[in-house]
Amino acid sequence: MDPFDSNVAANLPRNMIENSMFEEEPDVVDLAKDSAAFPTFPALDPDEVVYEPRSSRLLVRGLGENDMDEDDEDCESSARLLGMSFMNRSSAHRSSSFPYTRQAPPRSCSRPSARTTVVCVLFLVIVASMTMVLYFLPGCTFTKAGCRKTNKTTPFEPVYPLSTNGKLFPWAQFRLPRSVRPLSYDLTLSPDLNNMTFTGRTVITMSVLHNTKIIVLHSAHLNITKATFKLGDQETRDVTVLEYQPRQQIAVQFSEEMKAGQYCVLTLDYSASLSHTYDGFYNSSYIHKDGKKRVLAATQFEPLSARKAFPCFDEPAFKATFLIKISRKPNYMTLSNMPQAKSTQLSNGLMQDEFEKTSVNMSTYLVAFIVADFTPISKNVSETLVSVYSVPEKKEHTDYALYTASKLLEFYNNFFEINYPLKKLDLVAIPDFLAGAMENWGLITFRETTLLVGNQSSPLEKQLVASVIAHELAHQWFGNLVTMSWWNDLWLNEGFATYMQYMSLQKVFPQLDIGNLFLAVRFRALDKDALNSSHAVSTEVNNPEQVEEMFDSVSYEKGASILMMLNAWLPGEQQFRKGIIQYLKQFSGLNTDTEDLWNSLTQVSVSAQHHNVSEMMRSWTSQKGFPLVTVSRKGGQVTLTQEHFLLTSDKATYSSSLWNIPVTYVTDNCSLGHDCIQMFNLKTKSGTLELPESVKWLKLNYKNTGFYIVHYGDEGWAALKDALSSNVHVLTQEDRASLIHNIFALSRLGRVSFYQVLNLLTYMSNETESSPVTEALLQLNVIYRLLDKRQEDSLVSRMKYYILDRFGSLMDKQTWGEEESVSKQELRSALLGSACSLNQENCIQQAKALFKQYDQSNGTSRIPGDLQQVVFTVAAQSNEDWVTLLHMYHTVTYDAEKRKMLRGLASTQDARHIVWILKAGLRGDIIQTQELPLVISTVCNGFAGYLFAWDFIQENWDRLIEKFPLGSYAIQTIINSATSQFSTQAHLDQVQGFFSSLKERGSQMRSVQEALENIRLNQRWMDKNLPTLQKWL
């Protein structure tokens, strides 16, 4: 960036423009560069840290870990100020001696001799150097007394921000100091559901770890009315609480130091409003079957919202015990992490429920409590009372959840060889809940759609519920018993829970056929991680926005994928299990980082080849992305070469990253059984393996258990295509699906032509399995929608013809009755969904007939669960049926069906209906606001809706980030949905301009960078492949 105004720079010689960028004011000190001029200071005390406000950033640079991030505006203004001050100083102080002072040229002059020129230049350089020395040296250098010696022991006096009361706040970092540690919390809460407020008292007992004069903790939107403090045996005294709202921190400051080893108690009384968003202690409601509105209050604290319900040390590493008391009306009930100990009648007519003190140390984000009128069903499992709670009229939909949770709890107790540590385990369906579920210890909360299923529900609907329950129960060990130290290692919680959810269901409920779903989410994780805007599995987290953004596919699905890869690499079925049991037992009740996990797995290793797990796995967690393995073959010699698979690749982002890749492969000699797998470790840029020359083809990454993509070269792809054309079952369905995914990814990268993609798909006429068909349809539909949004009408019609021609016979074979097989339901749903979206006549007629029958049956007729989405989407394209569907949405009580109706309503191509449903989702009266991300993503799929949705987001951005935190998964979904089908420069400029204008209201989010990158990639793919599509379709 040019640091000068253009008219000033134009008048400067080239070398002056370049050099002056590094000239600085004499009072501007760059400590990072000029270490010789200033002493090295000792490490700061844990409670003393430099706070560098925005206005001071030009004065002090290079303070290491205390530097604060700068935005582009800061950089530009700094550069301009330095450059302009140099110019001013040049004219004021150096007019007579500086060699670059511009003077009017004489009318005529003679050329000086070479000797004269050299002497003059030397003279001018000496004069200029002396001038600069005199200018920069302090005046005291030439005095009799001389300069004072630099104090080499005293650090900078910290500069602190101001509290809300105008006093200095004694802490200046995002992370809390480690001087004190909470031991226990005694919480008393009194919610008022009539006025949507609550009061509370928090008593925190702490241990002093380091001498300190301050206690700093978190509090957000709490009005603290009284604070008292007691140190050891001293008298309790009132104290003043300082608050710094930008970091949601409060502090108590003392005149005398507390000493390490002492104990103290801080008591805080406060009041607050119940949150109207989906975090903290928030209000919710539902309509009872009598038509009346019922209100309730529930909590959602992960990641940073426990501080909105009670003052606390709201970081994962500050574990403590909790004793909780909650008052309520007699017709309500309360729930918390522990069983209820007693209930007391209060003088004001309310009841106060007191819960047992937690028998385990917990992080604050796992605390939970609910005030509602829910109804439970219960069962004793391995000395634990397992209960499922719901609103009374949905009690009949809780049986499957109780059965599933009971089975999975028994499995995890045995698998981990550590019994679930609490006396009870509640699973609660909350009417208003943004996340899918939350693993609060002993009180797991869910959306109704992820916990409740009817007896007549389809296996696909049961698969969803079982999957979410399995994930949250796995967290009771991974996340609750052993917790990551900080949010940078969130994957230790979420990656493990995701892997265990799929692994446990394959063992406990094989009929749910969860493998296809796990394969599909691994493909999507690869797609996301191929972007330059991705991040390492374990990455730096320095502000609330970054914490929220860690809840993404990298932490969840990529984390699970690399664990699956590790399990497949380790010898024997039990090796991985032994390692994680070792990890859980060694760190039970503690906090860990990624290296602790790898060390535990290394300790139980029995093979020299697999000894150092840390060495292998560090390459997968410490750098973003994944490798592309390219295969080249000469006779029996196969060379494997690895490089970073990076869709946005240029010299600036070139990566020389290497991975330790456990390559698996099969050949035409043996390709289907587990015994066929051969292994090769690729640690370097390239490696060579030997094969018999008689081998016709090889397929790498058996069943896609590795997190990498493979390019086989022209001959290799041709050989695999020929093999599949001859016998589709020569490879497993997972391997066939991974070939399809990989070749589309390589086309997006530009390594294969789209002709090669279409050539591989010629084998699909013989394909009948779910995974390859659904992956191919997904990829083709992405291209179809891009063409549709670009209004390439002739290509849209040709792509439609191509899909129907390639898959039409398989579409026609699908039935419209009940189907028990999960994989057949997945296949049918994908095929008929595509057929109807492409307006295939037979599909449209069947769907309309089913909807009419359903509408006229008065609830006696039922649409199969896997076909409901197709039927409701077709119905919504008719104005009359859209109104009918909206009426059904109002009256239906079964949540899974209700959500499919909502997606159907949002798929309309009627402009007035689109505008209505977007506004209704934002209002939250008819359509719950928690469903707005789903509404927007569905609207964006249609040609009529995607521009409406983008306009809607721009107009309502401030309201959106009031309801959903910046960086949250909901905001990520909204941004991705609205922009993922843009592929023109005009749209790129528009998206870039909008988000740039937001500044601190969202411009720096990773999801914004991802959106811009995706638009550029769409644009690049279209520019490159439109001619090919026109030729070959």
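**Strands, a helix and a few buried charges**

Okay, let's start with a strand pair: S15 and S16 (residues 351-355) run antiparallel and are joined by five bridges. When I say strands pair, I mean DSSP finds at least two bridges between them. Strands here are DSSP runs of E with at least two residues, helices are runs of H or I with at least four residues, and both are numbered from the N terminus.

Quick housekeeping. What you have up there is a predicted model, where local features need pLDDT of at least 70 and side-chain atom pairs count only at pLDDT 80 or more, while totals for chains, interfaces and linings use all residues. Residues are numbered from 1 along each chain as its sequence is written, and side-chain values use heavy atoms, with hydrogens and water left out.

Back to S15 and S16. Gln345 sits opposite Met351 in S16, and Ser343 has Asp353 as its bridge partner there. The two strands make a hairpin with five residues between them, and in it Gly349 takes a positive phi near 90°.

On another side of the pairing story, S16 also pairs with strand S13 (residues 321-328), in the antiparallel sense over four bridges. There, Ser327 stands opposite Gln352.

So how enclosed is S16? Five of its five residues are buried, so the strand is largely enclosed by the rest of the structure. Buried means under 20% relative accessible area, exposed means over 50%, and partly exposed is in between, with a 1.4 Å probe and protein chains only. Both faces are covered: Met351, Asp353 and Phe355 are buried on one side, and Gln352 and Glu354 on the other.

Zooming out, these strands belong to an open sheet of eight, in the order S7-S6-S10-S4-S3-S13-S16-S15, with mixed pairing. Which strands stand at the edges? Those are S7 (237-238) and S15 (340-345), each with a single partner strand, so one side of each is left without a neighbour in the sheet.

There's another hairpin to look at. Strand S11 (residues 280-287) and S12 pair in the antiparallel sense over eight bridges, and Tyr286 has Arg294 in S12 as its bridge partner. Five residues separate S11 from S12 in this hairpin, and Gly291 in the turn has a positive phi of about 90°. S12 (residues 293-300) is mostly covered, with six of its eight residues buried.

Now helices. H25 (residues 932-941) is mostly covered too: eight of its 10 residues are buried. Among them are Leu932, Leu934, Ile936 and Val939. What covers H25? The list includes helices H17 (770-789), H23 (895-906), H24 (911-923), H26 (946-955), H27 (957-963) and H28 (969-979).

Next, helix H6 (residues 459-475), where we find Glu472. The UniProt record, an unreviewed entry, has an "active site" annotation covering Glu472. Keep in mind that UniProt positions are given in the numbering used here, feature names are shortened, and annotations may be inferred rather than shown by experiment. Glu472 counts as buried, at 5% relative accessibility. Leaving aside neighbours within four places in sequence, Glu472 is in contact (heavy atoms within 4.5 Å) with Ala437, Met438, Glu439, Ile444 and Phe446.

Not counting residues up to four places away in sequence, His471 touches Glu494, Ala497, Thr498, Gln501 and Tyr556. The C-alpha atoms of His471 and Ala437 are separated by 9.1 Å, with the two residues 34 apart along the chain.

Lys699 is in strand S30 (residues 698-700) and is buried, with a relative accessible area of 1%. A polar atom of its side chain lies 3.2 Å from the backbone oxygen of Asn701. Beyond four places in sequence, the residues Lys699 touches include Tyr665, Tyr712, Leu731 and Asp735.

And then Asp596, in helix H12 (residues 594-603). A polar atom of the Asp596 side chain does lie 2.9 Å from the backbone nitrogen of Asp593. Leaving aside neighbours within four places in sequence, Asp596 is in contact with Tyr583 and Phe587.

Note on methods. A polar contact is a pair of N or O atoms within 3.5 Å; within protein, one must be able to donate a hydrogen and the other to accept it, and residues adjacent in sequence count only if both atoms are side-chain atoms.
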